[in-house]
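Let us walk through a protein chain one step at a time. Keep the model in view and find each residue as it is named.

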Amino acid sequence: MRRKSVQIRKFMLIDSTYKSRVLRGDKVTTIRYGDYEARPGSEVYFVLTPSDTAVAKVRITRVEKKTVRELTNEDARRDGFSDVKELLRELNRIYGELHGDDEVTVIGFEVVKRLEDGIPLKWLKGLNYREPGEIARLYLENRERLNLSRETDFILRRVYNEGLGKAVRTFGPKRVHQALLKTYHALYGAGII
């Protein structure tokens, strides 16, 4: 039996074909080949591949280890498939041929926040997993203490008032990303975060 152990701390990657099922609530589990560790109650970002964009924050509700042969039609339905045969076809497509005694981890989740504009994973990592809207809010609450440029002020106001997507469309991703990073570091330096 092949073994792999993965700890889920800040985010989980998920194929972009599952985005709508997750956001609609039709898919409330993800079944992963191997040994995955996650704490029920913890919140992580769902990041689409191949774009590496976070589209939701989810709360882990359960983690259950099973063998492939122990998977049921109910497991398949929770994962957004009609039956276990359809689920196994998809698992075999993703991971290669799985055998009955191979271990899988069933991770249950609930969406706690949709990220309508999506957040690039690279940005989340650079902001220490703080969302752009939170950075903008903290900036506006503390702007007198931070003394950042007018451009940064204008960009952060746009992020706060109209969302990340509108700010990126107006100023471009590079300028928005730079403004967020400058603001994050200023907030950190001032002891606010």
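What follows goes from the whole chain to its cores, and then to its charged side chains.

This is a predicted model, in which local features need pLDDT of at least 70, side-chain atom pairs count only at pLDDT 80 or more, and totals for chains, interfaces and linings use all residues. Residues are numbered from 1 along each chain as its sequence is written, and side-chain values use heavy atoms, with hydrogens and water left out.

Start with the overall picture. The C-alpha trace spans about 60 × 30 × 25 Å along its principal axes. Eight helices and seven strands make up the secondary structure. Here helices (H or I, at least four residues) and strands (E, at least two) are DSSP runs, numbered from the N terminus. The chain has 193 residues, and 44% of them are buried. Buried means under 20% relative accessible area, exposed means over 50%, and partly exposed lies in between (1.4 Å probe, protein chains only). The chain exposes about 10400 Å², and carbon and sulfur atoms supply 46% of that area. Such areas come from the Shrake-Rupley method with a 1.4 Å probe; for residues, only the protein chains shown count as cover.

Now look at contacts, meaning heavy atoms within 4.5 Å. Residues 24 or more positions apart account for 73% of them.

Next, go inside. In soluble globular proteins, nonpolar side chains tend to be buried together. A nonpolar core is a set of buried Ala, Val, Leu, Ile, Met, Phe, Trp, Tyr and Cys residues joined through side-chain atoms within 4.5 Å. Which residues of the largest core touch the most other members? They are Ile8, Met12, Ile31, Phe46, Val58, Leu71 and Leu87, out of 29 residues in that core. At least two residues of this core come from each of strand E2 (11-15), H1, E3, strand E5 (43-49), strand E6 (53-67), H3 and E7. A second, separate core has 27 residues, including Ala54, Ile119, Ala179 and Leu187.

Pick Ile31. Set aside its neighbours within four places in sequence. Its contacts then include Leu71, Leu87, Leu91 and Val104. Asp75 and Asp79 are also among them.

Leu13 is found in strand E2. Leu13 counts as partly exposed because its relative accessible area is 38%. Beyond four places in sequence, Leu13 touches Arg32, Val47, Thr49 and Asp52. Leu13 and Asp52 are 39 residues apart along the chain, yet their C-alpha atoms are separated by 7.9 Å.

Turn to charge. Lys and Arg count as positive, Asp and Glu as negative; His and the chain ends are not counted. The chain has 38 positive and 28 negative side chains, and the centres of the two sets lie 6 Å apart. The place of each charge is taken as NZ of Lys, CZ of Arg, CG of Asp or CD of Glu.

Some of these charges pair up. A salt bridge is a side-chain nitrogen of Lys or Arg within 4 Å of a carboxyl oxygen of Asp or Glu. The count comes to 17 salt bridges.

Begin with Arg24 and Asp26. Their closest N and O atoms are 2.6 Å apart. Arg24 is exposed, because its relative accessible area is 53%. Asp26, at 38%, is partly exposed.

Is the next pair, Asp79 and Lys27, buried or exposed? Both are buried. They form a salt bridge, with the closest N and O atoms 2.8 Å apart. This pair links distant parts of the chain, 52 residues apart. Asp79 sits in the loop between helix H2 (73-78) and helix H3 (84-95), and Lys27 in the loop between helix H1 (19-24) and strand E3 (29-33).

Lys113 and Glu131 meet in another salt bridge, at 2.5 Å from N to O. Lys113 lies in strand E7 (residues 103-120), while Glu131 lies in the loop between helix H4 (121-126) and helix H5 (132-146). Lys113 is partly exposed at 39% relative accessibility, whereas Glu131 is buried at 10%.

Salt bridges can also join up: Glu43, Arg59 and Glu110 are linked in a network of them.

Finish with Arg32 in strand E3. Arg32 is buried yet has no salt bridge. The nearest side chain of opposite charge, Asp79, is 7.4 Å away. Beyond four places in sequence, the contacts of Arg32 include Met12, Leu13, Ile14 and Tyr95.
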